[in-house]
Amino acid sequence: MLGVLFVILIAIWLLRNFIADPQEFINISLIGLTTGSIYALVALGYTLVYGILQLINFAHGDVFALCGLVSSSIMIGLFNLSGGEAAVVIAAGLLGTIVLTMLFGATMNSTIEFVGYRRLRNQPRLTMLITAVGMSFIVQNISLAIYGVNYRSAPELIPETPAFTIGEVSLSWNKLSVILITIPVLLGLTWLVRSTRQGKAMRATAQDQDAAAMMGINVNRTISFTFLLAGGLAGAAGVLFLMQFNMRYDTGFELGLIAFTAAVLGGIGNLAGATLGGLLIGFIQAYNEGLAIWSPGGDWTRSIVFGILIAILVFRPEGLLGERTPEGA
Amino acid sequence: MATGGNRVAVKDRVGGAARAAKLEGVGKAWSRLPQRGRSLGLAALLLGLVALYPIYVESLPTSVPVIREFPSVSTMVTVLLFTMMAVGLNIVVGYAGLLDLGYVAFYAVGAYTAGWLASGQFQQVNIHFGSVGISRDAGGIHLNIWLVLLIAGIITGVAGILIGLPTLRLRGDYLAIVTLGFGEIIPQFVRNADNLGGFDLTHGTFGISPIDSPGFGEKLNEALGLPINFQQSFDKQDLFFWSALGLLLITIFCSVRLRDSRLGRAWIAIREDETAAAAMGVPLMRTKTWAYALGAFFGGVAGALVASFNSGAFPSQFFFNFSIFLLCMVVLGGMGSVWGVVVAGIILSYLNQEGLSNIGSWLNASTPLDFEVAKYQFGIYGIIIVLMMLFRPVGLIPEGRRKQEIQEGGVAKDTLYGDRHA
């Protein structure tokens, strides 16, 4: 009941803003779509790991931030990109950056699993969770040690000029590229989990580790692979984020929490849910910060996101797309 | 259940390790004393050493290797109060096994309660009750600080219940994330709540300052010679030090007594196996809520006294990192082990306040390294947490019972959180 009322109120708020200034509203929605895509990529990392180990991998957000920072080094230091090159060179360089960063993120993430979490698997879950918190701070400080406290940004590789314009609404190439990169990554991930042997092993391990081991699945390798995958997604998200915003060593912590909220909102452990949650949170953030009428404003974004998290956990802990499990939330 | 004998043994080990060298001379007389007398004697000696710290700190050497100088008394005030918070957090994390990543919220609530009830924040009203050293004409609410400490504790306890009630039904890791959420929301709220419909509740990023100081008022000053007002006394650090020490001792006492009480045994039962505890008739929700409320209570009292000592409550004090800092104390000392948490709390708070920067400057001066140790303090805490979890999950000074739990291993797999079968 309360939930329905709440949704109606939000709908009224959005409609009011839409009528007041439709073009602005659509522009803001596009911003939401872009940030939402990045959130979705990070949220998928949380959901993959949670699905298989029931662990909130606090370090994931910091791996994401480190990946973003490393990608700035790759982009500028290794490929010498500055934005003035021919389109083909930029495309190739960008692709190279994304691949290298994904590799870096994957290695980083599975190293964390190997060093930190693997030997704690038979300990109480609290132990692993606390280790994850510690890992998060270690990774954050690695970023701090390498990149210092200053914000980094990417050179303007993809122009801010509009890719297409409909009426007054336009979408820049830069924002379009985020969506163009996110969609194939999501499709590839879905294919990997749904249709490959390795994906089947992942799903089996998520359901029951012992039984999976008895069926001849190498549980250790499967879990490592999951962390590799999650790290790769964090790497891709890091590059995309860097091309839109500035980032520094502690960007990942807050973004990680937001992305985790997205994963919970969609139903943790559920890939489609994480994507949906990421997009929803992206929209909520964009509307809250962008809309002119009756919006609380950017100062309150974090409170709103965590308010949503708490409300979801209290009223619908299985999330929007999740199924209620026998254990409860 | 944790018995008296167990406790004495732990205490003995703490004292023994720290003081063994000094006591060699009186060894023979010492060994004639009965066991209980010995541990009491050790505790008294240790307590005396701590309590007299402000008196002899001046005469301690000032150019010590590695740490350079002994901590100042005002550093020690903060150290004691942070340790008190860690002991409070230990009730939630250590006894009841509920991971709370938002303890900083309780610190904030306590500090702001002090700000509201003992400062000129609300100029619209003029309420005085037992305030010391404040002009009767000063606007705002000015209650006696000792009273405010108690009220802050109670309000924070209620806040703990409010946070706990909807979330304690959830499985442990969700609980962690919800408390983390509250730990983020409350500081943001105090930062933004300077214009709630035109009403200035928290004075935004400037924080509430000045906050009144504790004291005993003029009548007690004349009768017993007790100070009127701490901030205005020339030895204010010492007075705050003894107040903080007193509060810490009360907290430790309550914490130990709680552990051995019916409630404490229920907490430990829940920590070990929630399902079995429920089957034995332990009311899960009520017991967990109590853990939350009591853990929060001590955080609130400590927060209020910190605010009074700093003479202000500033939103920049309340960050997620602080929750992790406290968690690190609990993990390092040993979850559930009061004495371990006290020792770890004192060490880590000292490092946080001045130790790390001193050690860093010593390191840079005496080695060719150029490394800002203090900048990486949270990385260091992260490393401590991970190493402890990997190699010594029971902590430095383990609580006997918890050690058993970890070593048995078999029972451990899903028990700390358990599933919600009940």
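Thr101(A) touches Cys67(A), Val70(A), Ser71(A), Ile74(A), Gly235(A), Gly238(A) and Val239(A), leaving aside residues up to four places away in sequence. Two residues are in contact if their C-beta atoms, placed from the backbone, lie within 7 Å. This is a predicted model: local features need pLDDT of at least 70, side-chain atom pairs count only at pLDDT 80 or more, and totals for chains, interfaces and linings use all residues. Residues are numbered from 1 along each chain as its sequence is written, while chains are lettered from A and ligands numbered from 1 in the order in which they are written.

**Thr101(A) in its setting**
- Thr101(A) sits in helix 4 (residues 87-117) of chain A. Helices (H or I, at least four residues) and strands (E, at least two) are DSSP runs, numbered from the N terminus.
- Thr101(A) is buried, with 29 other C-beta atoms within 10 Å. Buried means 20 or more other C-beta atoms within 10 Å of a residue's own, exposed means 12 or fewer, and partly exposed lies in between; C-beta atoms are placed from the backbone.
- In sequence, Thr101(A) and Val70(A) are 31 residues apart; in space, they are 7.1 Å apart, C-alpha to C-alpha.

**Helix 3 against helix 9, chain A**
- The axes of helix 3 of chain A and helix 9 (residues 219-244) of chain A come within 7 Å and cross at roughly 55 degrees. Axes are lines fitted to C-alpha atoms, for helices over the stretch in contact, and angles run from 0 to 180 degrees between N-to-C directions.
- Helix 3 of chain A and helix 9 of chain A are therefore oblique to each other. Under 35 degrees counts as roughly parallel, over 145 as roughly antiparallel, 65 to 115 as roughly perpendicular and the rest as oblique.
- Their crossing is right-handed. That label applies if the near helix is turned clockwise from the far one by less than a right angle; anticlockwise makes it left-handed.
- Helix 3 of chain A contributes residues including Cys67(A), Gly68(A) and Ser71(A), and helix 9 of chain A residues including Gly235(A), Gly238(A) and Val239(A).
- By class, this contact has 10 nonpolar, 7 polar and no charged residues. Ala, Val, Leu, Ile, Met, Phe, Trp, Tyr, Cys and Pro count as nonpolar, Asp, Glu, Lys and Arg as charged, and the others, Gly among them, as polar.

**Helix 3 against helix 5, chain A**
- Helix 3 (residues 59-78) of chain A packs on helix 5 of chain A at about 15 degrees, with axes 8 Å apart.
- The two helices are therefore roughly parallel to each other.
- Helix 3 of chain A passes helix 5 of chain A in a left-handed crossing.
- Among the contacting residues are Leu66(A) and Leu69(A) of helix 3 and Met135(A) and Val139(A) of helix 5.

**Chain A meets chain B**
- The contact takes 36 residues from chain A and 39 residues from chain B.
- Helix 5 (125-147) and helix 12 (301-315) of chain A each supply at least two residues of the chain A side.
- Helix 5 of chain A gives the most to that side, with 14 residues.
- The chain A side divides into 21 nonpolar, 10 polar and 5 charged residues.

**Chain B and enclosed helices**
- Chain B has 17 helices and 3 strands.
- Of its 422 residues, 49% count as buried.
- In helix 6 of chain B, 14 of the 14 residues are buried, so this helix is largely enclosed by the rest of the structure.
- In helix 11 of chain A, 14 of the 20 residues are buried, so this helix is also largely enclosed by the rest of the structure.
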